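Reader: I'd like to go through this one with you, starting with the overall picture and then a few single residues. Could you put it up?

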Amino acid sequence: MSVRMRHTRAHTRNRRSHHFLKGAAVSKCQKCKKPVLPLTMCENCGTYKGREIVDVLKKLTKKEKKHKERELEAKEEVKGSKKSLDAVSLSKK
Ligand SMILES: [Zn+2]
């Protein structure tokens, strides 16, 4: 093999300055607001684009089921309370 042209440390480092990793493009689940990879189902609540694809509660044991149901209900209640507050504030105006 022939000897390549001489390169400096700066040239090597400038070239390698573009070799860094970029963070994954993460979006939020429409239902539970957890971070989700694009074009994949949410692993927390089993929905994709707002539609339920997989029943998440089916595979869990009784104890885990109760815990998960409470978790999902709590999030929905928070959503509902926010909406009701908006309605009240709008009616006052
Ligand atoms: Zn979700």
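**Overall picture**

Author: Of the contacts in the protein chain with a separation of 6 or more, 4% are between residues 24 or more positions apart; a contact means that two C-beta atoms, placed from the backbone, lie within 7 Å. Keep in mind that this is a predicted model, where local features need pLDDT of at least 70, side-chain atom pairs count only at pLDDT 80 or more, and totals for chains, interfaces and linings use all residues. Residues are numbered from 1 along each chain as its sequence is written.

Reader: In what order do the elements of the protein chain run from the N terminus on?

Author: Helices here are DSSP runs of H or I with at least four residues, strands are runs of E with at least two, and both are numbered from the N terminus. The protein chain has 2 helices and 4 strands. Their order is α-β-β-β-β-α.

Reader: Which element has the lowest mean pLDDT?

Author: pLDDT is the predictor's confidence in each residue, from 0 to 100. The chain's mean is 80, and 80% of its residues reach 70 or more. Helix 1 (residues 9–16) has the highest mean among the elements, 94, while the lowest, 68, belongs to helix 2. Where pLDDT is low, the predicted coordinates should not be read in detail.

**Single residues**

Reader: Is Lys-49 buried or exposed?

Author: Lys-49 sits in the loop between strand 3 (47–48) and strand 4 (51–52), and its phi is near 55°, a positive value in a residue other than glycine. A residue is buried with 20 or more other C-beta atoms within 10 Å of its own, exposed with 12 or fewer, and partly exposed in between, with C-beta atoms placed from the backbone. Because Lys-49 has 10 other C-beta atoms within 10 Å, it counts as exposed.

Reader: What is the phi of Lys-33 near?

Author: Lys-33 is in the loop between strand 1 (27–28) and strand 2 (35–36). With 14 other C-beta atoms within 10 Å, Lys-33 is partly exposed. Its phi is positive although the residue is not glycine, near 65°.

Reader: Which residues does Lys-34 touch, leaving out those up to four places away in sequence?

Author: Lys-34 is placed in the loop between strand 1 and strand 2, and it's partly exposed, with 13 other C-beta atoms within 10 Å. The C-alpha atoms of Lys-34 and Asn-44, 10 residues apart along the chain, are separated by 7.6 Å. Not counting residues up to four places away, Lys-34 touches Cys-29, Cys-42 and Asn-44.
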